[in-house]
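Here's a quick briefing to read with the structure open beside you. Take it topic by topic and find each residue as you go.

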Amino acid sequence: MVRTGFGWLEARSARSAPTSQMRKTLKKCCCFASLMELCVRASVEGRRAHHLVTLSSLFNKGTQPTIKANKPSVSYGQALQAKKEEDFVIVKTNCQRIPGDGSSTYDAFAVLDGHNGSAAGAFTKENLLNNVVNAVPSGLSRDEWLAALPRAMVAGFVKTDKDWRSKGIFSGTTVTLVIVDGYIVTCACVGDSRCVLDAQGIVTALTIDHRFDTNEEECERVVASGGQVARLHPYGCDIGPLRSWPGGICLSRTIGDVDAGEHIVPVPHVKQIKLSPGGGRLIIASDGVWDALTSEKAAKVCRGEKHPEVAAKNIVKEVIKVQGLRDDTTCLVVDIVPPGRASRSFAPAVRKQMMVMRFLRRTRSKKGSGSGAPMEELFEESSATLSERLRPVT
């Protein structure tokens, strides 16, 4: 039997030659098959042509591809486990330094950890960012705005502290404020809420902890200004962390804390960096995280996770696993991702590899992968003297 597009044809013998009728039928079948093939090809090409548009026609019609030159995307996630309910978070995205100008956007993130109640933290959350932004002169270009931002952060912290102290309430708060404008990250902090950068597998602290136990310079500053730094000494033995007296606070810089004396200042450490084109991940968290995890451990816990909210939850889960819930535990994860890589994790999970692969990776890193260093430091100042922080730029 021979199957064709027109039905079944019988052959009396496999060896016998086709009859004239069979030849005509086969010829028709071949023509039919060729015709069908041409129709299919035409249909496919037609669909392709429907989707393909020349670049010149796009520009002629005024429809140009939307390209944000070197503008990374910013995404964030947060996680919180409350114990005292004194932690606060600031998240302000797509802010415009020039109203109505979509190209002048920036994002602001902060973690605040209050003590002696939540009042200072709540007040600072509502007022700090506005005080910082209002300290920047109007009409500046982007470069001028970025250059003025570090001093504006200092002025904003000091004004917020002054306004809060005028209320006479004995409450204080730590603050770590981060403003992201493209690849430029500006970070200001008082207290021990920390911000770290994880980029290209390198973890870098962008803040300084103002704890007497870990910051000898701050101990010396407070003593030189007339304060005392010592542990509790109730029964002839030292107990707990180093504290400043009067007040008994274990931090050298905060917003608030009227009862702690003038040597506890609101002047922040400020650092401004420029990320490499590879972007990076910021981890901003209260001391509930850093008391349990090192900066490197926190970064490692969430490496390979593309979603920042899941990354933040992973860090908080790890804290609870390590030490339980001893304090308010708050974490913000902010991803600054280059264009075209939004669906790709820039901090891949660390996997076990063969020795040869590790050698090849080290070789490539020595030659340079095109990304360069993970960041470039643009500005850093840690002085607690206000006159030095706000002096005019020469």
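**Cys189 and its surroundings**

Let's start at one spot: setting aside neighbours within four places in sequence, Cys189 is in contact with Phe157, Val175, Thr176, Thr207, Ile208, His210, Pro268 and His269. Keep in mind that you're looking at a predicted model.

- You'll find Cys189 in strand E7.
- Is Cys189 buried or exposed? Its relative accessible area is 0%, so Cys189 is buried.
- Cys189 and Val154 sit 35 residues apart in sequence, yet their C-alpha atoms are 9.5 Å apart in space.

**The whole protein**

- Count up the elements and you get 10 helices and 16 strands.
- The protein has 394 residues, and 40% of them count as buried.
- Now take the contacts between residues at least 6 apart in sequence: 70% of these join residues at least 24 apart.

**The nonpolar cores**

- How many residues does the largest nonpolar core have? It has 30, and the ones with the most contacts inside it are Val132, Trp145, Phe157, Val175, Leu177 and Ile179.
- Two or more residues of this core come from each of these elements: strands E4 (87-96), E5 (105-115), E6 (172-181) and E7 (184-190), plus helices H3 (119-134) and H4 (142-165).
- H4 is the top contributor to this core, giving 8 residues.
- Apart from this core lies another one, made of 19 residues, and Val89, Val111, Cys195 and Leu197 are among them.
- Back to Trp145: leaving out neighbours within four places in sequence, Trp145 is in contact with Arg97, Tyr106, Val136, Leu140, Ile179 and Asp181.

**Where H3 meets H4**

- The axes of these two helices, H3 and H4, come within 9 Å and cross at roughly 140°.
- Because of that angle, H3 counts as oblique to H4; the cut-off for roughly antiparallel is over 145 degrees.
- The H3 and H4 crossing is right-handed.
- On the H3 side, the residues that meet H4 are Ala119, Ala120, Phe123, Thr124, Asn127, Leu128, Asn131 and Val132.
- On the H4 side, they are Leu149, Ala152, Met153, Gly156, Phe157, Lys159, Thr160, Asp163 and Trp164.
- Sort the residues of this H3 and H4 contact by type and you get 10 nonpolar, 5 polar and 2 charged.

**Backbone spots to look up**

- The peptide bond going from Trp245 to Pro246 is cis, and its omega is near 10°.
- Pro246 is in the loop between strand E11 (239-245) and strand E12 (255-256).
- Gln200 isn't a glycine, but its phi is positive, near 55°.
- Look for Gln200 in the loop that links strand E8 (194-199) and strand E9 (202-205).
- With 37% relative accessibility, Gln200 counts as partly exposed.
- Asp257 also isn't a glycine, and it has a positive phi of about 60°.
- Which loop holds Asp257? Asp257 is in the loop between E12 and strand E13 (269-275).
- Asp257 has 2% relative accessibility, so it counts as buried.

Technical notes
Residues are numbered from 1 along each chain as its sequence is written. This is a predicted model: local features need pLDDT of at least 70, side-chain atom pairs count only at pLDDT 80 or more; totals for chains, interfaces and linings use all residues. Side-chain values use heavy atoms; hydrogens and water are left out. A nonpolar core is a set of buried Ala, Val, Leu, Ile, Met, Phe, Trp, Tyr and Cys residues joined through side-chain atoms within 4.5 Å. Buried means under 20% relative accessible area, exposed over 50%, partly exposed in between (1.4 Å probe, protein chains only). Helices (H or I, at least four residues) and strands (E, at least two) are DSSP runs, numbered from the N terminus. Contact means heavy atoms within 4.5 Å. Axes are lines fitted to C-alpha atoms, for helices over the stretch in contact, and angles run from 0 to 180 degrees between N-to-C directions. Angles under 35 degrees count as roughly parallel, over 145 as roughly antiparallel, 65 to 115 as roughly perpendicular and the rest as oblique. A crossing is left-handed if the near helix is turned anticlockwise from the far one by less than a right angle, and right-handed if clockwise. Ala, Val, Leu, Ile, Met, Phe, Trp, Tyr, Cys and Pro count as nonpolar, Asp, Glu, Lys and Arg as charged, and the others, Gly among them, as polar.
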